[in-house]
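Subject: Structure handover

Hello,

Please find the structure below. My notes on what was found in it follow.

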Amino acid sequence: GTATPSDTGGDESIPLPDRPVGPDLGLEWLSEARQAFADTRIHEARKQGFAILEKSRDPKALDGARDLLGDIHTKMVFNKIPMAEKKEHTVTSGESLGLLAKRYGSTIELVRDSNGLSSSMIRIGDRFLILSSSFSIEVDKSDNLMIVYLNDRFFKWYRVGTGQYSSTPTGTFVVNDRIKHPDWWTGDGKKIPYGDPKNLLGTHWLSLDKPGYGIHGTWDDDTIGHQASAGCVRMLNEEVEELFKLIPLGTQVEVLD
């Protein structure tokens, strides 16, 4: 998609009315933010969503704001919509999508998709908007929730599956490999190729720097939201595909009890 006239301002250019001290107006603000998003006033909606997270204590408003911000951010980052975290770039001689992704700490998939490219071919003089920011991930085993942060601010959350009997290891890890259509190796060293119904890894695999563990898709959607895996973090295939496009090598992943 392309930016609409209402998308041209930065997030900080949208003034918000002063909020009176008194009752928690989180649900009222959430309604306003949803309407702004529906009206393609996307920067205003985003700023309103962050204001709810900062100022409201209403659980329904907070959950609704996180859901809405996830929708807002997905639309913003995967389309050519300006945002404070993006940089303008004009392609010069010798540059490739891989080089640009590395320079800006992004992924080839995100640079390509966010600029509406149908292939990896780029030309001198092409003008791109490229996300140039740092993602981090937090997985809460108690709630089977994954929260993705962009520059330490809430970006989006996902319901996930984690290991049976709390077998997903806790700690701080780093994404050290990214594989589309992964093969799966059983505990006894047998290779189960991608596409085989017995392959447990779904469509994408993000390996962590703890051998044998990672974030992956699943063909068994009923396990999402439960402690049901052998120890890895599993996601719906369509959601791990989205995460795969966002997350470059080196992304920090913190797993909490």
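**Sheet and pockets**

Strand S4 (residues 145–150) runs antiparallel to S5, and six bridges join the two. Strands are DSSP runs (E, at least two residues) and helices likewise (H or I, at least four), numbered from the N terminus; two strands pair if DSSP finds at least two bridges between them. Within the S4–S5 pair, Ile-147 stands opposite Trp-157 in S5.

This is a predicted model, in which local features need pLDDT of at least 70 and side-chain atom pairs count only at pLDDT 80 or more, while totals for chains, interfaces and linings use all residues. Residues are numbered from 1 along each chain as its sequence is written, and side-chain values use heavy atoms, with hydrogens and water left out.

S4 and S5 belong to an open sheet of eight strands with mixed pairing, in the order S5-S4-S3-S14-S7-S10-S11-S13. Strand S5 (153–159) and strand S13 (233–236) each have a single partner strand, so one side of each has no neighbour in the sheet.

Helix H4 (97–104) and helix H5 (108–114) each supply at least two of the lining residues, and H4 gives the largest share, three.

The largest pocket has 16 lining residues; Trp-184, Leu-201, Trp-205, Gly-212 and Cys-232 lie nearest its centre.

Regards

Definitions and conventions. On a 1 Å grid over the protein atoms alone, a cavity is a set of points where a 1.4 Å probe fits but cannot get out, and a pocket is an open set with protein on both sides within 12 Å along at least five of seven lines; lining residues have an atom within 4 Å of a point.
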